[in-house]
Amino acid sequence: MTTSDVPAKVAGSQVAGEVVAPAVPPSASNEEEAPRDVKPKNNRAWWLVLPVVVSVAFTAVIPLMTVVNFSVQDVFTPTDRIFVGLDWFRSVTRDPEVRAAFLRTLMFSAQVLIIEIPLGVLLAVCMPRRGAWVSVALVVVALPLLIPWNVVGTIWQIFARGDIGLGGWVVNNVLGINFNYTLDSTDAWITVLAMDVWHWTPLVALLAYAGLRSIPEPYFQAAQIDGASAWATFRHVQLPRLRGVLTIAILLRFMDSFMIYTEPFVVTGGGPGNATSFLSILLSKIAVGQFDLGPAGAFSLLYFLIVQIACYVFFTVLTRSGR
Amino acid sequence: MADITLEGVGHSYDGGRTHALNPMTWTWSDGRAYALLGPSGCGKTTLLNIISGLITPSQGRVLLGGRDVTGLPPVARNIAQVFQFPVLYEEMSVYDNLAFPLRNRKYPKAEVDERVRKVARLLGLEEHLRRRSRRLDPGRQQIVSLGRGLVRSEVAAVLLDEPLTVIGPALKWTLRSKLKEIHRDTGHTLIYVTHDQTEALTFADEVVVLKDGAIVQSGEPAELFLSPAHEFVGHFIGSPGMNVLDAAVERGIVRVGSALVGRAVGDDGALPDGPVRLGVRPEFVRISPFPRSPGLRAGVTGVDRMGSYHLVHARAAGGDLVAKTDPGEHGTAEHLHFERAYLFRDQIRCGTLAALEGSGA
Amino acid sequence: MALRLDGVRVRQRGEVWLDDINLELTSGMTTLIGPLAAGKTTLMRVIAGLHTPTDGRVVVNGEDVTSVPVRKRSVAFVYQRFINYPSLTVYENIASPLRLAAGFPRKDVDGRVRDVAELMGIADLLERRPAELSGGQQQRTAIARALARPVDVLLLDEPLANLDYKLREQLRADLKAMFQDSRGTVVYSTSDPAEALMFAAPTVVLGEGRVQHVGDVARMYDRPPSLAVAATLSDPPLNLLPGVVNEGRLECLGVPLSTPGTHFFGDDMVLGIRPHQVTIERTRPGQIEFPAEIRLAEVTGSTTFLHLLLAGRRHLVAQLPGTQLFTPGEPAVAYVDPAHILIFSGTGELVADTATEVDLHG
């Protein structure tokens, strides 16, 4: 919620950075000058923000307050409740099941980032910079992004099956590896991870591609003349200028993967055992399955806090190191 | 180090329908400082990129010391290039930026250090070596880019594409003469692209004037100034450019309207009758109270006081002229005397103007 | 039409961009000259109403307009980068401010567009789009758009800085002619002394966010009140040499400048010598001689810039007429008329009377 304005700030600083960048006159001549020092002339514009404030209040603040409300009470019936203070928070943080799910989710997010960010950048670097193939490449890469979450889950649920799914069949019969995600917890984990990589690497790739395209041609020409290898060009020309978009990509991918729910729910339902039961799946089990609103409320708030803090840390570290 | 020869080199960006650069044969001699001067869109950057290898010409061959390098990438050519805007490896320090071209070519560490420090000293970057390059002001960033071009001593040529665009006027003067001194000391071949004639003329041993993808004239700065071979050179070099009047040659006499201006002296024998254009630089227009040939009757219409000189505007029968004079030496004179004037036909110079016989020189 | 700035100050992110600006701009043209980062653009933006000053007031015809938004002011602005609507033709680009202006009669739009296009020399390009134009033509279009609607204040922020040298020369002559009889206020900012001198308009010299001087540009050039003004108005740059006061006598690198009878007081001085006032042959009696070593000669054909080294450490540039050839490393003598030496105090003000004093004796 409040995290959503963080990427916007990153984008802003990126734009400011580009002003100094070499602009090739013919194409640059039509751009608006960046009005970096415009100040509001009067305060009437604040009224325009009002609808947003109201809608955010209804969609975010009020539900959040409800959750806070639940998290500090023990609710028996809608009219019968006791104030319990921080008891639920204490019990949730001590719950071994929650702790295990937390570590599992953290591990999942870490793996997602480690795989998707480099892979996305690699894809972007390999995509053509100009010509007729640009649009083809963009459509092909973007395809997985256009599919709804639950459909992605369904696709992979079938695809990874050893009997009727192409992927599962190939692994079992061609590669000769015994693979069954419904029975083996490692297989289940790999399936969910592969699904996430397939679904979301394109997002990273597209962001990185946009970032790469904004690098002016003379930078590549200078690198050629300086005798830089392809790796050195990537390391010293492309990567430094991807910092902005990669910050956004990392934030988005962390938040999304840390809160992943639909896909594993559809594919594995959190199983086998607890192998793929991430925080979100556990939370919905407690809240909807067992209707333990108190612990679920405390759990939600902690969950929310963790995401906030992690995003803040990522953002600070990534932007600091750029200075 | 070696000569760079272009053999019938031309380039078209649209498969031959129009030429950004018309096919030309040209040699850049080893160790000279050249300026490539022309208005924007005349093909000077294209020409530069062909030499460095960033562009493969659509026709012709590029020879580096007799070796055909037409298809070779920039790395294989040993040419350095500096761009119009600072191009830096922003996350690196100034030192690392300067060392980058050397490290890529696997120079020994001690030599890298020595050269980086030498270039830094030449360009006044010594105190900034440890700073991160993106934190410098744009002018200094450009000096770092310049340093990267100069750090390799064995390069065949250093190409500079309007390198002083982002630099403030005062620093421009310092850097330009510094570049000239560096050239004298290192003996690199330098090719300097610019649209600024002061930059081109003060910098180069030889100025090559480019217009619409073709070389119009080349020569020493003084030569281009004193005897333009093309109307465009007269206009483009010199500030303000050459005055041009429509005139006609009749039996060896040049007329502007009904006025007899002077005697036509053809560059190759007598000049046939017909229309010509009379060109005279503002520096060679003298204002005098009495007629003096070659010259023209005119009235002063205004004066721009430019500090170190004055621009006197005058109206004559054939059109308006400008005279560049020392401050305070003009009156309300009625005559213009041309110390040096040229005649052009179809833009090409065909003769000069001399005094009419019997009216003194 | 009178525009006044009262104690305008702009502070941004802890830095002072403009400090204590008091200016009175009347109808007609005013040139605003200053080096890079002097605050020219910020000052123009304050005048336009694009930027609200931290302190101070902007007063138009006696009315405080400091917080009136730019939309409600009669202002046009031309930027250094050519800004046009890329999807509109030149005609539509010029017509757009007229169509948006309340009270501009519809039927007059066409005539006005064609008039302005004629004036800017782009009448035959009206059907083209900006991308199909050269830089000079694009900037002409941008200026034409600013001129189309009659405004009280027209601001041009280094409009020629991004153009080729030759185009700049042409356009500045055109602009001078155009603004000569303008009824509104035209403010033209530049960092090129030649432009300011050419326009010969009342000139404001800005430096480090402050007004350094206001006045007639040619007079300012001849007798700069301060080092900052002299430096801003000199291209090629002013030669600066140290002046040492020794028992009432002024010396420069061991060469005495003042004749007996002239007394200097106080601290050391800074001497400014314009390159075109240095010769290497004696042209008049009474010239001061500086022994020098030739470093470098830059020849343009019409001019030779000779770089000299004085006393083995001070750089001096002489601007000599015509083509003259020199050998680096050889000795030479630089001659300067004492009347042409600008003497500034250590804090940069012109030591006004000494110049004439020296002149009398020289």
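**Cavities and their linings**

In this predicted model, strand β3(C) gives three residues to the lining of the second largest cavity, the largest share of that lining. The elements that give two or more residues to this lining are β2 (15–25), β3 (28–33) and α1 (40–48), which belong to chain C. The residues that line this cavity are C:L23, C:L25, C:T30, C:T31, C:L32, C:L43, C:I47, C:V187 and C:V204. Sorted by class, the lining has seven nonpolar residues and two polar ones, with no charged residues. The volume of the second largest cavity is about 40 Å³.

How many cavities of 30 Å³ or more are there? The count comes to two. The largest cavity has a volume of about 70 Å³.

Which residues line the largest cavity? From chain A come A:A222, A:I225 and A:D226. Chain B contributes B:A80, B:Q81, B:V82, B:F83, B:F85, B:V87, B:S145, B:R148 and B:G149. The elements that give two or more residues to this lining are α10 (217–225) of chain A, and β6 (79–82) and α4 (138–150) of chain B. By class, the lining of the largest cavity has seven nonpolar, three polar and two charged residues.

Notes. Residues are numbered from 1 along each chain as its sequence is written. Chains are lettered from A and ligands numbered from 1 in the order in which they are written. This is a predicted model: local features need pLDDT of at least 70, side-chain atom pairs count only at pLDDT 80 or more; totals for chains, interfaces and linings use all residues. Side-chain values use heavy atoms; hydrogens and water are left out. On a 1 Å grid over the protein atoms alone, a cavity is a set of points where a 1.4 Å probe fits but cannot get out, and a pocket is an open set with protein on both sides within 12 Å along at least five of seven lines; lining residues have an atom within 4 Å of a point. Grid points are joined across faces, edges and corners, and a volume is the space filled by probe spheres set on the points. Helices (H or I, at least four residues) and strands (E, at least two) are DSSP runs, numbered from the N terminus. Ala, Val, Leu, Ile, Met, Phe, Trp, Tyr, Cys and Pro count as nonpolar, Asp, Glu, Lys and Arg as charged, and the others, Gly among them, as polar.
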